Amino acid sequence: MQKVTCDTLVAKACELLENGTVDRVLGWKNGEFVYDVTPALFTTVDDIKSEFVFNDFCGANFSKYLIEETRKTESKVLVFLKPCDTYSFNQLLTEHRFDREKVYAVGIPCEGMADITKVKAAAGDGITAIKAEGENLVISTLYDDDKAVACADVLAERCVVCKSKKHVAYDELLGEDGDVIDSNRFDEVEKLEAMTEDERFAFWQNELSRCIRCNACRDVCPACTCEKCVFDNPESSVVNKAISDSFEEKMFHIIRAFHVAGRCTDCGECSRVCPQNIPLHLLNRKFIKDINSFYGEYQAGAEAGSRAPLVDYTTEDIEPTDAVLKGASDNA
Amino acid sequence: MQINGEFQPKIVAFCCNWCSYAGADLAGNNRLAYPENVKIIKVPCSCRVNPMFILRAFQRGADGVILCGCHPGDCHYTSGNYYTRRRMALLFSMLNYLGIEKERTRVEWVSAAEGAKFAQTMNEFTEAVAALGENKRLEDLRCKK
Amino acid sequence: MRKCSIQNLDAVFSKIAEEAKLYIPQDSEKGTDYKEWTDGAVLSNSLNTNRSPKDFFFPQTENLMEFKTSGKEIEIIDNRDEMEDFVVFGVRACDVKSFEILDRVFLVEPYDSYYANRREHGVIISMACTRPVETCFCQTFGIDAANPEGDIVCHKTENDVFFNAVTEKGNALMERLKGVTEDADSSEVDAQIEKTHEIMKKLPLANLTADKFGADKTNEFFDAPQWKELSQSCLGCGTCTFVCPTCQCYDIKDYNTGHGVIRFRCWDSCMYSDFTKMAHGNSRNSQLERFRQRFMHKLVYYPTNNDGLFSCVGCGRCLAKCPISMNIVKVMKTLGGKDNE
Amino acid sequence: MQRIGVFVCWCGSNIAGTVDVQAVSDALQNEPGVVFSTNYQYMCSQAGQDIIKNAIAEHKLTGIVVCSCSPRMHEATFRKTAAAAGLNPYMVEIANIREQCSWVHKDMPTGTEKAIILGKAAVAKVNLNAPLKPGESPVTKRALVIGGGIAGIQTALDIAEAGFPVDIVEKKPTIGGKMAQLDKTFPTLDCAACILTPKMVDVAQNENIRIFSYSEVEEVGGFVGNFDVKIRKKARFVNEDICTGCGICTEKCPQKKVPNEFNLGMDNRRAIYIPFAQAVPKVATIDADYCTMLKTGKCGVCSKVCTAGAIDYTQKDEIIEEKYGAIVAATGFNPISMDKFDEYAYNQSKDVITSLEFERLTNAAGPSAGKLVRPSDGKHPHTIVFVQCVGSRCAACAEKGKEYCSKICCMYTAKHAMLTRDKYPDTDVYVFYIDVRTPGKAFDEFYRRAVEEYGVHYIKGMVGKVSPEGDKLMVQASDLLANKQLHIEADLVVLAAAIEPDKSARPLATQLTASMDTNDFFTEAHPKLRPVESPTAGVFLSGTCQGPKDIPETVSQASAAAAKVIGLLAKDKLTGNPCVAGSDELMCNGCSSCERVCPYGAITYVDKEFRMPDRTTRVRRVASVNEAVCQGCGACTVACPSGAMDLKGFATKQIIAEVDAICR
């Protein structure tokens, strides 16, 4: 799937480390089973050569790590950014969350990452090896013969509806830059909008009632960078660790989505990490779709320093009552 | 809440200090009746109303929440209600997306001179919420009696 | 040992459900989870449930008591419902083992009556594994996936399900199931266990051992330099702890409902920044310390206090669910050195 | 825990008629924190206030709730009562059980129940109230007026007359602005220079006024009462203190081909110049773009002829730093560019001119010494067509013109038409209009005189096209009332160009953190009630920078702005509204959301060092609210996702407590 090879990245990382441009590298470290790649900080060429990996499971968005990383020292850190990661990168810059001077950003092209759940569904349990061969992944399992699965069939949802292959921020680009894509990422949202209120309620009740409040969606989110989240702050009046299928999860997810509205770049990390497979991106995407339709196209992170729609206005903005009607087709 | 077998919705109305709260006072001065289900909370500007307050009201048993502010362009703080308008447009659209009945939330611009509009708005809103019945979709069972 | 054909399993379920709530793993497009059995429910074939069955005995949120105020008076209310009997079917060997680990925490002084109440009313019907996957490492902790514990132990073969009641509770339930099961010998089951053992030897983590860890090893690992590297990308979310069948930490909080106060407990995670926060502040301020706490607890502290028993059962849920794919296996391999790889 | 007293007012029968006041005070007695609860006929009366004062002393109350009429009526009264009894006035909350309860609900049970709930909400809020103290800041007793037109002049004079020092910053070499370019003024037809120039002299002579001409505001910091301003005094290469304004240099300068902007480029001036005879300060200025000496180092004629020795070719821009208590924007207007209005052939023919150019053509000091002649050939025009609303009220052509009415064109066109007919009765004058708008003292009479006494042809309809043909201008127009097309052979066409704010206003607004509308006019603090104040405290608006106006209106507003400035500078200290926003620095992540929604520019960011729990230190960017500038709207509190920003007096916890109490 990937156009850049792991070797290219390793060579680039070693080069920048050796020539002193950076003194550490944020990259992916190989795991036990090919697909369990861990974000890691490399400081030596030896470590990079032996443990750095870049494969179809390197979905993690590193931009959020830069907040902590740039606070550590005065020297630069190398970060590899896929096109979607660069939007988060810019958004964090817009919000003054890290010092741009302390980062050396290398843009890497991306043809989409694989979703291990889809791979397992296609190839069966007990995966022992996954190899990329052309447009396919060849999967070995404990119970079946090797199986070739087309990369396109196991793409993560967020990659299927990829919004941009263009890097909006980098110091250096490996390979060629792509374009912003006219994706159909709002289709799923539209499907929900076309439902009746009752159906939508049933849908979300089913989804959100599975929430275990592990906070993974929030903790991975590059827009959720508060020093202390209101839901962790006993002084905030909304702190609550309990789950109660009648209210708390809805409160958490609505407020979280609202807090990142206009700032969410739709990187899709929230849904990727949800252990309960709740399609959380459908909340954020609803806000993005509404913002586009109410206030004109706006892509958070496309431009560092841009003014988010919720801290802006025009005198002719849509009225809330009309907005609700516009926001769901069954209301018309 | 049921009173004498009839459903009585709980309505929370956030009113900005400069226009809508004064509009509500004017409704009082002119003895324009509206349902007692409506309880007003005064805020300096409609832009002080955090979505969390609205969800909190539903959690605690409100059946409808209405926000009143100065007419766009007339905000005492010049731009507060413009932010309110965007925030609530997005929030209400999101609540409806989650299946919360759209009639339960509303924003209305009421000036200090519009006592009659205030009363009429509250009459209509209360009636609409009463027609929906109890808020079951954003309730917190722990808070029910 | 008794058996019934797979086609007749519904009759068994139906019989159990006559007198107790029955929960079985069921599939949905979002994965597998225990759900209450109702007529027509289909037993899942998958290995692990998303959430572990510890929820049945130690639910994520549990009300402990209520305080009602009227005027300036306070009334204390014990709001526990009368517990009804329930049966959990299809629990895997690793998850069954987790109950022993939880029991050693909750059923010693100070005795947890809420947990005990649920344990007393619950019957565990386990299910031997036949198709372990790459993330399984129960063998590391001496658990035999093919031969689980439980009140009743089940083995599913191609055509039949075999039942072997082990405990008093199990025997009592088996008695009730006489009409829907028949006597069977164990040869088919033995053969299947043999087969599963062969597969287990081939698992990628088959050679992982916990020998380096265990009771009284605190000093060996506490200051290990590797913790820094292991914990550096941890997000501090609670996924690993919440999917873990053996994590047992909880927080007790009060919730003011406006009419009174509900005192409840809910799962807590040692990965959270406010974990064990006290008046003076926090005892573990960095994610490194919190991360270390979790793994030291599983591999060293718990065994120290519990006759060498590890508080990990190798179910592999954290391997599958961690957002950054950091997990106990990587920790054991990194800290345990070369022998462990 | 608070010790709260509850005081339920009967308001005679106004409340007690629909609300069982005894039941209310009994019910609230049991609320958390309440240690005393009573009711009385008229709480606002002296006797009622004494009940409150005594209860505060007797029960050591830390907070009180008055269930009474609207806080808009008596909140101030009860706050004073509390203060008199030694309680912080912000520990008082009012439950509005009259306007919002007894007066709008009919029967006793429902009225009583609602009153109890409103009382509970107020009690819940007071439980979380904290004593508030308004902040104080000193006032620098000096004002800055930006712009030296008639608006700035009037404002500065009024402030100076009241005894406060004022500085005027004018970007041109002289003050006077647009009015100095006008010939006569409507509706009295007195000459603009005659009434303006004495005022300019007054400014120059007033000891309290300093003029920074040929200067611009470079940077504005600080806040109301305490602005720090940097002013760039552009190099004019003439020592102002020495130059006597004799004008010899402007006659001897060999560079003669500089378009004279005062006459809108209709004639030329020298490279060293004094814009007009009555300029203030009357000091020469070298135009560096044209001066041969400055460009090539060869010439020096002006220096040689200057007997005072005022010429200084080495002069550099100078930055002046000054503190001000108040700032007045008086940046004025300009006619819009006619470039986009090809249909009127403005760029094709010299004989299509704007109204301001017409002013200069008819002015005795203008390029034709006051003789109305065609710019192309100097001949007297016999047919003149005036076109109204060129670029004004242009809703459909917003990319070309302006949506608003420029307000002054109807009147000055009537003036131009009338003066033309008066001086040159042989001239045919046509005025094409959409509407004629003459609301103003003696305005409509003026317009009617133009039509009735002077025989100006007023035609309702718009000019479609002006085509130069030979030395004529063929004007194609429609007469809407007669419903026919007109073709007029004109000698001169005068366009009433829309006016727009000066281009310097937008960057200035940014520096002042003052808001603007979409047309770049400054926004008022309130369009009706605070029309001369900007929403940004300490910034005031004078003249057309706020919206189109004529001279009388401009002068009124200029004086109004001055009155507001004087009111501010007369204070030694400013007492703020204590209900202001505040950021919890431990929570703030410095994301800038709050800053972006603040209408007052009250939020800035500072880098602060924090000690982390693990004993390391970390420098973080955090928001800091200037309490003197914050007006307490609360927009920032919702923009802040961390919940770091809160509003005193309307804190999140307080509002949530009210919500809880109401929904209970």
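Domain bounds here come from an automatic or database domain assignment. Keep in mind that this is a predicted model: local features need pLDDT of at least 70, side-chain atom pairs count only at pLDDT 80 or more, and totals for chains, interfaces and linings use all residues. Residues are numbered from 1 along each chain as its sequence is written, while chains are lettered from A and ligands numbered from 1 in the order in which they are written.

**Exercise 1. Domains of chain C**

Find how far apart the C-alpha centres of domain 1 and domain 2 of chain C lie, and work out how many residues each domain brings to the contact.

*Solution.* Start with the bounds: domain 1 of chain C covers 2-59 + 78-202, and domain 2 covers 218-340. Their C-alpha centres are 26 Å apart. Next, the contact: two residues touch if their C-beta atoms, placed from the backbone, lie within 7 Å. On that basis domain 1 of chain C supplies 20 residues and domain 2 of chain C supplies 18 residues. Last, sort by class: Ala, Val, Leu, Ile, Met, Phe, Trp, Tyr, Cys and Pro are nonpolar, Asp, Glu, Lys and Arg are charged, and the others, Gly among them, are polar. The domain 1 side then splits into 10 nonpolar, 5 polar and 5 charged residues.

**Exercise 2. Chain B and its partners**

Work out which element gives the largest share of the side of chain B that touches chain D.

*Solution.* First count: 35 residues of chain B are in contact with 38 residues of chain D. Then list the elements, using DSSP runs numbered from the N terminus (helices are H or I with at least four residues, strands are E with at least two). On chain B, those giving two or more residues are helix H1 (20-29), strand E4 (38-43), helix H2 (51-59) and helix H3 (80-97). H1(B) has the largest share, with 6 residues. By class, this side of chain B holds 18 nonpolar, 8 polar and 9 charged residues.

Now try chain C against chain B. That contact takes 5 residues from chain C and 4 residues from chain B. The chain C side has 2 nonpolar, 3 polar and no charged residues.

**Exercise 3. Two helices in chain D**

Describe how H2(D) and H6(D) pack.

*Solution.* Two packed helices are described by the angle between their axes and the distance between the axes. Axes are lines fitted to C-alpha atoms, for helices over the stretch in contact, with angles running from 0 to 180 degrees between N-to-C directions. Helix H2 (residues 21-29) and helix H6 (residues 108-126) of chain D meet at about 40°, their axes 9 Å apart. For handedness, a crossing is left-handed if the near helix is turned anticlockwise from the far one by less than a right angle, and right-handed if clockwise. The crossing of H2(D) and H6(D) is right-handed. H2(D) makes the contact with D:Ala23, D:Val24, D:Ala27 and D:Leu28, and the H6(D) residues include D:Ala115, D:Ile116 and D:Gly119. Together the contact residues come to 7 nonpolar, 2 polar and 1 charged.

**Exercise 4. Nonpolar cores**

Identify the residues that touch the most other members of the largest nonpolar core.

*Solution.* A nonpolar core is a set of buried Ala, Val, Leu, Ile, Met, Phe, Trp, Tyr and Cys residues joined through C-beta atoms within 7 Å. Buried means 20 or more other C-beta atoms within 10 Å of a residue's own, exposed means 12 or fewer, and partly exposed is in between, with C-beta atoms placed from the backbone. The largest core has 413 residues, and B:Val12, D:Ile64, D:Cys67, D:Ala143, D:Val328 and D:Ala329 touch the most other members. H3(B) gives the most to this core, with 10 residues. A second, separate core of 52 residues includes D:Phe186, D:Ile353, D:Val387 and D:Val466.
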